[in-house]
Amino acid sequence: MKIIKLMISMFAVFLITACGNQTTKKTSTLDTTKKQGFVKCGVSQGLPGFSNADAGGNWTGIDVDVCRAVAAAVLGDATKVKYTPLSAKERFTALQAGDIDVLSRNTTWTLERDAAIGLEFVGVNFYDGQGFMVRSSSGIKSVKDFKNGTKVCTNTGTTTELNMADFFKAAGVTYEPVVFEKADEVVQAYDAGRCDTYTTDKSGLAAQRTKMSKPDDHIVLPETISKEPLGPVVREGDGDWADVVRWSLNVWIEAEEYGVNSSNIDSMMDSKNPAIQRIVGAEGTKNGAALNLDQKWSYNIIKQVGNYAESYKRNLADTGIMPDRGPNALWTKGGILYVPPVR
Amino acid sequence: MNLVNWTRKNLFSNWHDTLLTFIILFLFYISIPPLLSWMFFDATFFGTSKKDCSGTGACWVFIQVWLKRFTYGMYPNDQIWRIDLAFIIFFFVIGAYFFVNTKIKKILFIFLTIIFPFLAIFLFHGGLFGLEEVETRVWGGLFLTLFISVFSIIFCFPIGVLLAMGRRSKLPVIRYFSIGFIELWRGVPLITVLFMAAVMFPVFLPSGTNLDKLVRVIIAITLFESAYIAEVIRGGLQAIPKGQYDAANSLGMGYWKSHILIILPQALKIVIPGVANTFIALFKDTPLILVVGLMELLGMVNMAKTNPAWLGLATEGYVFAAIVYFIFCFAMSRYSLRLEKQLKTSN
């Protein structure tokens, strides 16, 4: 018994020293990225509108645009990104192990992830939330119309299932879950009439609706039963790098607020408005220097990637995934998209 | 006349046979025409986007447009010739193998097993002699499926042979090590092993040092499958009559000499079906690497079907993947049968 205890404690000591070594050895991600000449970015294995490869082998999506914005800011070229497709389970380890430097993979910002597992969330590029889809013929107009015994189709083993359970418990309505492993199976079951409603994240609902045999026969209910703020993540403990990613994201969104986009930015360079001068990085502004970046960092982002509105239109609106901006409209236009001022 | 007799004898010999025949014909009737019209008659074969698909049948345009991605993954388009070149060399050598005499066969065999793997890795990965480096993160599609299968098969076979011999060894250290190794790897599911290799392993490494994820995955699959191969080969070793061992010993052969010259050639011949079985299973297990973010054939199909411009074409993608997997597995099983017949000595 004593020997076992001794061995366990020795192993623990070994682990602690090993971890200690890891935390003392710090290198600046920003410097490494500049030296390497590319941004290492983790994306999904295919999520419509967020990160996806096209037939030509290029990555597109609103999450991908975050990576491209960071590359444009740091290296002046939005194409200098190396994408690593990651499964949901390995994404955080890949970030911690240094396989990637930015994780932009529709990751929900939660307390546990931010505080407990050595990650730093730098902002939100999409506000998602769980919703319900029903047949318009069912007469259900709101989640309040759900009756006892409602059959609900959803994916198994995700937070979606837990949110659904919480929701129905709080509402005091009995329900019958019909769960499947794959999103495609859920959609097929719902389309075939095996359940009354289908629940998943609203961005997913809109994308799946396009696959139905008659998309117009289905509506997404207005209520949202969970908060899913999705945003880019970096490693904890490298403040400079977190700042670069955070402000690349912020300037991308603020450019929309001031009407600066990829086609008019060249004329905006001479703008008299000090806020716009700061956004485009005109002569005399100090934003670039403060971030250890080039003076033209923000110009490069907007010129090469476009502003948030352009990204949204290209990836989510024109593709029919979420034509309506909803909560992702600017705070000035009835949404909740609000970023700190770039100054 | 012959046909009528045959039909009467085999399909309509009594009333329940007749009933069964009609039921089966009815099942064919309700299932085959819709399938054929979906796959061929109503299908769209040529086009450039989903809009070209007429609606009722399969949309093979999807496969046609995405074929490059399904085959090569995210490999840079201007570097694809390197993969093609490696596979052309590979199939050329394999093809030549059947037509040349024994002496050249030996040279070709050595080339294929010793030189070619390095040549292929050099071509795929580059980074030397002016060849642009292509990191494994962009490898994918059928190319990655074949790469992982071929390398795992090449490595796991010799390890398996050694483990099988080790398990029958009289030296306790070697025997218990082999037993422990085999039982450990057989006792855990492959998906767990892959998770350990891809997710946990980097955490144990000191920061800064990193082993490529693909290498970690290949090592994991190799160790896992070598345990199964070892057990298959052990079956062959035990099937060799004791007289063969005695005969080898009485000729003054030592352990290694008797195994290499007498025992293993016979044992391996017996276990060809089992080994082929394991290799086919290995090939079909490769889609599991999806869970660690490697995008082999099925991964690329999954990626393609979630592209906003191609939503709703999952069935076509899966049918395509199934056909490709079937072709390779069937070829492997046919080849093993051929090998069995070739090596059959009349006894």
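Student: What makes the pair A:Lys303 and A:Asp266 a salt bridge?

Tutor: In this predicted model, the closest N and O atoms of A:Lys303 and A:Asp266 are 2.8 Å apart. The cut-off is 4 Å between a side-chain nitrogen of Lys or Arg and a carboxyl oxygen of Asp or Glu, so a Lys and an Asp at that distance qualify. Side chains of opposite charge can pair when their charged atoms come close.

Student: Where in the chain do A:Lys303 and A:Asp266 lie?

Tutor: A:Lys303 is in helix α13 (residues 297–304) of chain A, and A:Asp266 is in helix α10 (residues 265–268) of chain A. They are 37 residues apart, and the pair links distant parts of the chain.

Student: Why is A:Lys303 called partly exposed?

Tutor: The relative accessible area of A:Lys303 is 35%. Buried means under 20% and exposed means over 50%, so a value in between is called partly exposed. A:Asp266, with 38%, is therefore partly exposed by that rule too.

Student: Which residue forms a salt bridge with A:Arg325?

Tutor: A:Glu256 does, with the closest N and O atoms 3.0 Å apart. A:Arg325 lies in the segment after α14 (308–317) of chain A and A:Glu256 in helix α9 (residues 239–257) of chain A, so the pair ties together parts that are 69 residues apart in sequence. Both A:Arg325 and A:Glu256 are buried.

Student: How many residues apart are A:Asp65 and A:Arg68 in their helix?

Tutor: They are 3 residues apart in helix α3 (residues 62–75) of chain A, which means a separation of about one helical turn. A:Asp65 and A:Arg68 form a salt bridge, and their closest N and O atoms are 2.9 Å apart.

Student: Is A:Asp65 buried or exposed, and how do you know?

Tutor: Its relative accessibility is 2%. The limit for buried is under 20%, so A:Asp65 counts as buried.

Student: How many salt bridges does the structure hold over all chains?

Tutor: It holds 17. Some of them form a network that links B:Arg167, B:Glu183, B:Arg186, B:Glu231 and B:Arg234.

Student: How many salt bridges cross the interface of chain A and chain B?

Tutor: The rule finds 2. A:Lys82 forms a salt bridge with B:Glu135, the closest N and O atoms being 2.9 Å apart. There are also 12 residue pairs in polar contact between chain A and chain B. On the side of chain A that touches chain B, β2 (52–53) and β4 (81–85) each supply at least two residues. β4(A) gives the most, with 4 residues.

Student: What is the area buried between chain A and chain B?

Tutor: It is about 2700 Å², and carbon and sulfur atoms give 54% of it. The contact takes 33 residues from chain A and 33 residues from chain B.

Student: Into which domains is chain A divided, and what area is buried between them?

Tutor: Domain 1 of chain A covers 29–127 + 229–333, and domain 2 of chain A covers 130–226. Their centres, taken over C-alpha atoms, are separated by 31 Å. The contact takes 6 residues from domain 1 of chain A and 5 residues from domain 2 of chain A. The buried area is about 380 Å², of which carbon and sulfur atoms give 76%. A:Gly320, A:Ile321 and A:Met322 supply 69% of the area that domain 1 of chain A buries against domain 2 of chain A, more than any other three residues. Across this interface the rule finds 0 salt bridges and 0 residue pairs in polar contact, with both residues at pLDDT 80 or more.

Student: Why is A:Ser226 called buried?

Tutor: Its relative accessible area is 11%. That is under 20%, so A:Ser226 is buried. A:Ser226 lies in the loop between β12 (218–220) and β13 (228–230) of chain A.

Student: What makes the pair A:Ser226 and A:Glu228 a polar contact?

Tutor: The two side chains come to 3.1 Å.

Student: How do you know the span of helix α14 of chain B agrees with its number of residues?

Tutor: The helix has 30 residues (314–343), so at 1.5 Å a residue it should span 44 Å. The end C-alpha atoms are 43 Å apart, which agrees. Among the buried residues of α14(B) are B:Phe320, B:Val324 and B:Cys329.

Technical notes:
Residues numbered from 1 in each chain as written. Chains lettered and ligands numbered in written order. Predicted model: local features only at pLDDT ≥ 70, side-chain atom pairs only at ≥ 80, totals over all residues. Heavy atoms only, no water. Expected span 1.5 Å × (residues − 1). Buried < 20%, exposed > 50% of the residue type's maximum accessible area, 1.4 Å probe, protein only. Domains from an automatic or database assignment. Contact = heavy atoms within 4.5 Å. Buried area = accessible area lost by both parts, 1.4 Å probe. Polar contact = N/O pair within 3.5 Å; in protein donor to acceptor, adjacent residues only side chain to side chain.
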